[in-house]
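Dear colleague,

Please read them with the model open beside you.

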Amino acid sequence: MSEKTSKIYGIKRRYDVERGQIEKLTKEDITVVDNNIAKKSIFGTSLGNAMEWFDFGIYSYLAVTIGKVFFPEIDPSAQLIYAFATFAVAFIARPIGGIVFGMMGDRLGRKKVLAITLIMMAIATLSIGLIPGYATIGAAAPVLLLVARMIQGFSTGGEYAGAMTFIAESTPDKKRGFMSSGLEVGTLVGFIAGSGLVTLLTFLLGSETMLEWGWRIPFLIAAPLGLIGFYFRSHLEETPAFQAMKESANERKQQTSLKHIFTEHWRSLLICIGVVFFYNTINYMILTYMPSYLSEQLGFGETKGLVLILFVMIAMIPFVLAMGYWGDRIGRNRLIKGALIGTIVLSIPAFLMMGTGSSILAFLGLLTLSCLFTAFQGTLPAALPSFFFTEVRYGSLAITYNVSTSIFGGTTPLIVAWLVKATNNSMLPAYYLITVCVIGIFVVALFVKETAGRSLRGSYPAVEDPSEIKEILMNSEEALWWKEEVRERNERAAMKEKISILGSQQKNVGNIR
C-alpha cells in the first residue's frame with residue numbers, strides 16, 4: 001500500500017469510526033509506539049510540570065515570609081491568609097488560560113502550546129523575585145505580585161492539561177498509567193526542589209536574612225530552569241493521535257469550537273470537574289497548606305515543618321510509580337475508590353497524630369495521608385484524558401481541569417486557613433478532607449468508566465510490541481469500546497438537524513401563506 005493510498009485509507013477509516021460504522025479493526029489501524037519517543041515525551045512534559053510545581057513549592061514554603069514582605073501593615077495573624085488569598089486569586093486566570101491554550105492545543109498541536117506555557121511560567125516566576133517589597137514601593141508591591149501570579153495562573157491553565165494529553169497520546173494503552181505517573185513524579189520532584197531549596201536557604205541564612213532578601217533566590221532560579229525545559233519540549237515529536245486527527249480534520253475543513261465542546265461533550269465535562277474536585281482539593285491540602293499548618297497552627301517551627309513535608313514527598317515517589325503500575329493491571333477505579341475510603345477512615349487519626357507535637361507521629365500522620373493521595377497521582381493523569389475524544393481532548397480537559405482547580409483546589413489553603421482561624425479548631429482540615437472524599441466516592445462509583453488497558457476515546461489502540469496486534473484484532477469490539485458513544489452522538493446530531501430542517505420548512509410555509 002503506497003503512502004498516499006495509506007493516508008486516504010486512514011482518513012476513510014476515521015470517517016467510518018465517526019459514523020459508528022467500524023465493527024472490526026485492521027492491522028493498519030493500530031499504532032505501535034516507539035518506546036524511546038514515549039520516554040522522551042514523558043521526560044519533556046514532566047520537566048515542565050516540575051517547573052510549575054517548583055513555583056508552587058517555593059510559594060507555599062515562603063507563604064509566611066511573603067505575607068510579611070508584601071502585607072506588613074496587616075495584623076500578623078492575618079498575613080498568612082492574605083498571602084494565600086494572593087495565591088488563590090491567581091486561579092481566576094487559570095480557566096481563561098485553559099480555554100485559550102486548550103483550543104490552541106486542539107488546533108495547532110500539543111507540542112507548540114506546551115513550549116509557550118513553559119516560557120510564560122518561567123518569566124512570571126522570575127518576576128516575583130524581582131518585585132520590590134512593600135517597604136520600598138508601598139501598595140504597588142502586592143499589586144505587582146498579584147499581576148505576576150495572574151500570569152502564572154494563565155500559563156498554568158494550559159500546562160498540566162496539555163502535559164496529561166501529550167503523555168496519554170504518546171504511550172501504549174497497557175502502560176499508560178505507569179508512564180503517565182511520571183508526570184506526577186515531576187510534580188513531586190519540582191515541589192521537593194522548591195521546598196528543599198527554601199529549607200536549605202532558611203537553615204543557612206536564617207529567618208531574618210530570608211525576610212530581607214533570601215526569599216528572592218528561589219524565584220530567580222526559575223529563568224535557567226525555564227530555558228532548560230523549553231529546550232527539551234521544543235525537541236519533542238507531536239503525538240500520533242493528534243497527527244492522525246489533524247489529517248482527518250484537514251480533509252473535513254472544520255475545527256472544534258467551544259459551542260461544540262459544551263453542547264456535545266457536557267456530560268464528560270461535568271464528570272471531569274467532579275473528579276478534579278476531590279483530586280486537587282486533597283492535592284493542595286497536603287502539598288500547599290500543610291507546611292504553614294504545621295508551623296503556624298501546630299507550632300512545629302518553620303524549619304522542622306518544612307523538613308517533615310520534604311521527607312514525606314521523597315517517600316511518595318515510589319508509591320506514585322507503584323500506583324501507576326498497579327492501576328494498569330487491576331484497574332484505576334479500584335485504586336481510586338480504595339484511596340478515597342482510606343482517606344475518610346484515616347484522616348482524623350492522621351491529624352490527631354500531627355497534633356501530639358511529636359515529630360515522629362506527625363511524620364507518620366503526614367505519610368499516611370500522602371500515601372493514600374499517591375493512588376490519585378498514579379492513576380488520574382492517565383484516566384482524565386480518556387474522558388474526551390481526540391478532537392476536543394486538550395481543550396475540554398484544560399477547561400474542566402482549570403475550572404475545578406480554580407474553584408475548589410486553589411482556594412483550599414485559603415478556606416481551610418480561614419476555617420481554622422474562625423473556629424480555633426485544628427481538626428477542621430480532617431473534616432474538610434472527609435467531606436470531599438465522600439463526594440468523590442459518589443462521583444467515581446456512579447459516573448467514571450474503567451479505561452485501564454483500553455484505547456483513548458476516539459483513538460485506535462496503541463501497543464508497545466507488534467505481537468500484541470493479533471490479540472487486539474480478535475477483540476476489536478472491546479478495543480473500540482467508545483464507538484457506541486459515537487453512534488449516540490451522531491444520532492443526536494441527526495435528530496437536531498432534522499428538527500432544524502423541519503422548523504425551516506414550517507417557517508417557509510408560513511411566509512408563503
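In these notes a residue is called buried when its relative accessible area is under 20%, exposed when over 50%, and partly exposed in between, using a 1.4 Å probe and protein chains only. The model is predicted, with local features needing pLDDT of at least 70 and side-chain atom pairs counted only at pLDDT 80 or more, whereas totals for chains, interfaces and linings use all residues. Residues are numbered from 1 along each chain as its sequence is written, and side-chain values use heavy atoms, with hydrogens and water left out.

Aromatic pairs: rings of Phe, Tyr and Trp (its six-membered ring) pair if their centres lie within 6.5 Å, and planes under 30 degrees apart count as stacked, over 60 as edge-to-face and the rest as tilted. The count by this rule is 17 aromatic pairs. One of them is the tilted pair of Y289 and Y293, at 5.6 Å centre to centre and with 45° between the planes. Y289 is buried, with a relative accessible area of 2%, and Y293 is likewise buried, at 1%. Because they lie 4 residues apart in helix α14 (residues 266-297), Y289 and Y293 are separated by about one helical turn.

F389 and W482 form an edge-to-face pair, 6.1 Å centre to centre with 85° between the planes. This pair links distant parts of the chain, 93 residues apart, and both F389 and W482 are buried.

Technical notes: Helix = DSSP H or I, 4+ residues; strand = E, 2+ residues; numbered from the N terminus.
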